[in-house]
Amino acid sequence: MMSAFDYHPTNPERVLSAVAILQRKLSAFGNDLALESLRVQSMRNRYSLDLLTRFYNEQMLPHFPLEDERDELDDWIYCLDPTEIATHDRDAENGPLMDILLLLCDPHCNSEDNGRVKQPFILAGVAFEYYQHAEIGLVSYVTTNSSFRRMGIMKALHPLAIDALEELHRLSHYERFGREPVCNIKAILAETNTVDAGDASQEDIKQRHRSLFALGYRLVEFPYIQPPLGTNMKTFDDVMLLVYQERDDSKLWFPEWRVSSSILFDFVSDFAMSVFGYDNDSATFSLDLGFWTFQKWFMQTFSSAAISQKLPWCTITPKYKKMYYDIQEKFHSHRDDGSHKVVAVIGAGVAGLAASVKMAKNATFPLLVQLIEANDCIGGRVRTVLTKDKSGQYVNEKLAQRYEAFSPWAVPLGAEFVHGVGSPVNQLIEGHGWQAKETFDFSSDDPDCVQVFLNGKCYSFCSGLSQDKLTSLINEAKQIWANIFDIGGDVIENEHLHIPDDMCLSQFVELQMKGRSHEDKATVTSLIDAIFAKTAGTSTTCFGMNEGSREELNWDYEDCNFRTNSCFAELIEYFRGEIDRINKSYEAGVCEVMIQVIMKSPIVRVDSELDSTTGGRNIILSGRDGNNYSAHKAIVAVPLAVLKSGIIEFSGIYSLPDDKIRAIEKINMFSGMKAHVLLRKGVDINDSLLLDRTDLFFCPGEIFSQVWLQRNDATCFVTGFVVAEDRERLLSLIHEGGKDARYFFMSQLHRMFRDKEGNILFRETEPTCAAFDLYDWSDDIFVGGIYSSPSLGAGWRQLNSKETCRHDLKAPLHSTIYFAGEHTNTKVCATVQSALDSGVIAAKDVLQSFSKDSNLMTR
């Protein structure tokens, strides 16, 4: 793809400033330099084979004498010579983009030169690469001519290299995607040798460390092994990885002094593929490149790496190598004696996290839990972006940067509300002191707390008084919903009663309003759709009454709703902390249980193989990344939409039975979107009682059927919820009308937000906002939708049985593979607590099955 972006690494303003500084520093050197000729030259923009060769011979060879740690000159030429670049194959196009900035100055001419042109001095150089797949910069070589050291030259030249890496980041995105990048470069790294590398004296190497420290680099505690620089070369162990921390704007690159392990591992992978080819999948690395497997283990075990704030710098690689090999030896020895068990948990959402932690805490035998996640972050459909206090941030950098404009609000892309009281989630909130606030209390005396926007006007949802026709219909809709309890009450309380025929919610409304006008029926159906069906993630035509009745009758948590300050980010941080605590106990020898978190490894096949040691059969999980995992038991904790999609193939003895296939087909899981808008009071919108007191709007007939509000002194944070057929309607309008989602949501808000006198609250005719974003849950194929919903034909079986399709979903395969997730909860409707409960139940079932298999005792 042709780039519409011109790469100009030597920004004139920055260069002039740097050159002016350097001219002052060099003026004391003498008259050998024509300081007015001082300049910075990019080898990518103004390639010169002569300058490149001289720089390599004069500065690279003396400063980096070890061949295994130094690039070949021919490789530089291949990356920088325009004629070579024109011949690049696919691997080279995918590979890192390189540049070298040279600081040049001409010598003074005098009469003795006889008009002969002298070559310019090369005072210093910075070589750097941008790794396109990892979106990471590497400052690979920083050198200063020995005659010009200790003069602060690199302090002025280095920031230009940082700017140039940002430019390469933009260039890459324009060439690959034809647009500006959404996020900044993820990190800028550097390498430096350990004091025992042997390429220089220990004091000289320590001086290098001090120089790099002064430039803003800090040691990252990641067990770095440099990949081979060529296919016939070896890895280099006596090297440490640094991260650039001190930006020009006085802000830290990583304010929490920790960097995600996945960022560092992505760099290692991209580095390795740049040498061995981008057509090689990770299975090749796993089998052939031990350094890659070791560093992948670190990433899977430790979610982040600490950044050291002080000198001296000491390598931590030997420490983690010992830990890695000790773990391998320990688990292999347990496998040989049969006491060591492996459980694979597929999916690191709330159910998978709860199952993993529960098993690790309750097992009294050596256990390895392999928590395998398809995405690059845990949490599943609990996915909240923190924009203020980011210490608990767990989403990837791309999402984090996408929502920075919404500060200070936590932006929940997935689950947002704690429903009811007394659930396991409530217990965690209370036990850990997490801050939570009640929202849209349906029993509130405040008539403005919850509103219904219908026919261009707002009505109180909570008012019991029938002030007019529409208020009466709202109250009637609530009463019809309450009648749902009559459907299944006898089934729940008695043993041998005939199961009622199932029907959809719209049919139920039709029966309840028999003899009423078509207009009244349509209005009440529309109200029930927005208020109740859409809350359940479905529509009145797909909502199954038997399932809906069962869920309502089993709800024991009261009708109230809460938000934690960080919208469930606290819950994910809790599980991360528990996993770290369990693993540290293992490292300390306190327990023989460990949870290995494996990211970015989508499972695509579940099968079995004969265990030659025990004679039994082990589960074999095949990952899309080429990795295979062997386990004694497994818990499948992926969303229902993933099971529906067929991404995971269940084969051999683990082929899904007909009942389970039918349940997967019968139970619905529709997709949905969340539109987020940040409105500034006094700028975008006028303040009013409506915005100060209303938490929730139900919007029958609108695309965004529910609108939720939060506010502080300066802003109003508004979320629009669109689900099921309304999502398809929105996508169709966007496709056909040429308008975007922002237009449709802001237009709806423009009609909704009015004061008591009917005046529009938006200050402009074309409503404005500080930030807008639309998040579609279906964009993530490993999520696929919002949550399961009460579905027609999925309720009580028509054979006097209280079991439903949910029981079929939950049922294990051969007491070996278990299922978890909110869709498997046979009592509670789709909520975070139902997901958590299902994970705990699956964990107990797995541990009990081990006990039955081998008489292992469990607490």
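Buried means under 20% relative accessible area, exposed over 50% and partly exposed in between, with a 1.4 Å probe and protein chains only. The views below show a predicted model, in which local features need pLDDT of at least 70, side-chain atom pairs count only at pLDDT 80 or more, and totals for chains, interfaces and linings use all residues. Residues are numbered from 1 along each chain as its sequence is written, and side-chain values use heavy atoms, with hydrogens and water left out.

**View 1. Ile85 in helix H4.** Ile85 is partly exposed, with a relative accessible area of 31%. Its place is in helix H4, residues 82-85; helices (H or I, at least four residues) and strands (E, at least two) are DSSP runs, numbered from the N terminus. Leaving aside residues up to four places away in sequence, Ile85 touches Tyr78, Cys79 and Leu80 (contact means heavy atoms within 4.5 Å).

View 2. Five of the six residues of strand S28 (residues 706-711) are buried. Two strands pair if DSSP finds at least two bridges between them. Strand S27 (residues 696-698) runs antiparallel to S28, joined by three bridges, and here Phe698 has Gln706 as its bridge partner. Towards strand S29 (residues 715-723) there are six bridges, again antiparallel, with Trp708 opposite Thr719. Three residues lie between S28 and S29, which form a hairpin.

**View 3. The open sheet of five strands.** Take a look at the order S19-S11-S10-S23-S32, with parallel pairing. Strand S19 (593-598) and strand S32 (817-819) stand at the edges with a single partner strand each, so one side of each is left without a neighbour in the sheet. Six bridges connect S10 (residues 341-346) and S11 (residues 367-372) in the parallel sense, and Lys341 stands opposite Leu367.

**View 4. The largest cavity.** A cavity is a set of points, on a 1 Å grid over the protein atoms alone, where a 1.4 Å probe fits but cannot get out; lining residues have an atom within 4 Å of a point. A search of the whole structure finds three cavities of 30 Å³ or more, and the largest has a volume of about 60 Å³, a volume being the space filled by probe spheres set on the points. Its lining includes Gly380, Arg381, Tyr775, Trp777 and Asp780.

Notes:
1 Å grid on protein atoms, 1.4 Å probe; cavity = no way out; pocket = protein on both sides within 12 Å on 5 of 7 lines; lining within 4 Å.
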